[in-house]
Amino acid sequence: MSDLLTKQGSSSNDSIVGGGLLIKTYGCQMNEYDSEKMANLLENTHGLRLVETPEEADVVLMNTCSVREKAQEKVFDELGKWKKWKAEKPNRVIGVGGCVASQEGKVIRQRAPYVDVIFGPQTLHRLPNMINDALGARARDGKAKAVIDISFPEIEKFDHLPKPESTGVSAFVSIMEGCSKYCTFCVVPYTRGEEVSRPFNDVLAEIRTLAEQGVREINLLGQNVNAYRGVMSDGDIADLAILMHAVRLIPGIDRIRYTTSHPNEMTSNIINAFGEIPELVSHLHLPIQSGSDRILALMKRNHLALEYKSIIRKVRAHRPNLSLSGDFIIGFPGETHADFEATMKLVEELKYDRSFSFIYSPRPGTPASSLPDDVSMDEKKQRLYALQALLNEQTQAISAAMIGTKQRVLVERLSRRSTDEMAGRTENNRVVNFPGRIDMIGQFVEVEIHEALTNSLRGEVVDEPEAGLQRDAARYYAL
């Protein structure tokens, strides 16, 4: 969980305009992106400024995720804490959005009648009107009335959000929404809808705006980002590879990432992009969930472990130093010891870096939730610990192997360790701290790695770009 924080705005007992806003964000990078859009939107429409605590706020929003276990319970636990806060000042607004809201909208209203607005991932752009409607109904009728909109108006929200803004040198850009794969364990198609891609020119326009603000690195987002199929101005369809070729031509954009991908959408065009686009990082996040073909079939992943390994082999033919990360589900219903060993063997063979692994938990309404599960929780935990130990070992080995190498680092900010040091990220997303200057922010520098710590690296700058390429970094530091 993370809080979006900035300076406090003034609040009023009579109106939320110009007041404080708190957004609690749970889950993935897509939710982080959506929360930033909510904050920008409500600042433009109601003058709300982000604050740190509910007590400072006139509007509190929760952006939820239903992928993890007991997501609904966590939502109601948080809402229970906000009930007293609402009673002290009834004109305050509570809103619940995201995937849990999309899935459990009516239940939220029944269990927490003090919630004012309930919105889905595709209707966050309607928040200003929803808040106004809730306040209007309260003023008119003398009692609260929840405004609920958990519909799926496809890509409409991107046409109603404010101009993109960034105060950093790296930014996320959502290029598509939803998922059409319907894996048996996953709730996303039911809470975010099926795959819908943003128009090609709209995505490029947003990235150009960000580049003009000093952004150097773009991370293209989507539930299945490599399934992107954006309509171009001439009516043709652009896939992710075509989009990345266009993004690399935007002045100022010198690093491209994308997440999250599905193996079935790793086309030859996308694989070849690793050999054609130097701005594309040597990193790939490609979830497989299990190394067992039997479990993959039960999950409805629609590919074999061998096909997945073939994709990685082809990408590494272009980028031998590829950093690979993935997602793994342990203890899927019916998983045997042999199935788990197949996952361990695949991880050992492919050498993953910084992957995510979880014990399976049934999501309501998904096909897998009705499958018989005869694997004990103790066994699931033992398997998870074994997998995580292997993944951590591989991560540390990769970090150690970077000692003595020179890494291209995008300088992002002052180091949290010292005001005499700067911090940035490598292509494989390692944080590096090194002695440097404020005017390096926004630059790519060559850093020789001297030390590998648990969660970061340390090094020293050995080469800086030409003076003509230096950016006005003081602006970022001031913000």
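A: Axes are lines fitted to C-alpha atoms, for helices over the stretch in contact, and angles run from 0 to 180 degrees between N-to-C directions. Helices (H or I, at least four residues) and strands (E, at least two) are DSSP runs, numbered from the N terminus. The model is predicted: local features need pLDDT of at least 70, side-chain atom pairs count only at pLDDT 80 or more, and totals for chains, interfaces and linings use all residues. Residues are numbered from 1 along each chain as its sequence is written, and side-chain values use heavy atoms, with hydrogens and water left out.

Q: At what angle do the axes of H11 and H12 cross?

A: Two packed helices are described by the angle between their axes and the distance between the axes. Here the axes of H11 and H12 cross at roughly 5° and come within 10 Å. The two helices are therefore roughly parallel (angles under 35 degrees).

Q: Which residues of H11 and H12 make the contact?

A: With contact meaning heavy atoms within 4.5 Å, H11 contributes His 337, Phe 340, Met 344, Val 347 and Glu 348. From H12 come Arg 383, Ala 386, Leu 387, Leu 390, Leu 391 and Gln 394.

Q: How many aromatic pairs does a search of the whole structure find?

A: A pair of aromatic rings is described by the distance of the centres and the angle of the planes. The search finds three pairs, counting rings of Phe, Tyr and Trp (its six-membered ring) with centres within 6.5 Å. Among them, Tyr 182 and Tyr 190 are edge-to-face (planes over 60 degrees apart), at 5.6 Å centre to centre and 75° between the planes. Phe 332 and Tyr 360 also form an edge-to-face pair, at 5.2 Å and 70°.

Terms used
Rings of Phe, Tyr and Trp (its six-membered ring) pair if their centres lie within 6.5 Å; planes under 30 degrees apart count as stacked, over 60 as edge-to-face and the rest as tilted. Angles under 35 degrees count as roughly parallel, over 145 as roughly antiparallel, 65 to 115 as roughly perpendicular and the rest as oblique.
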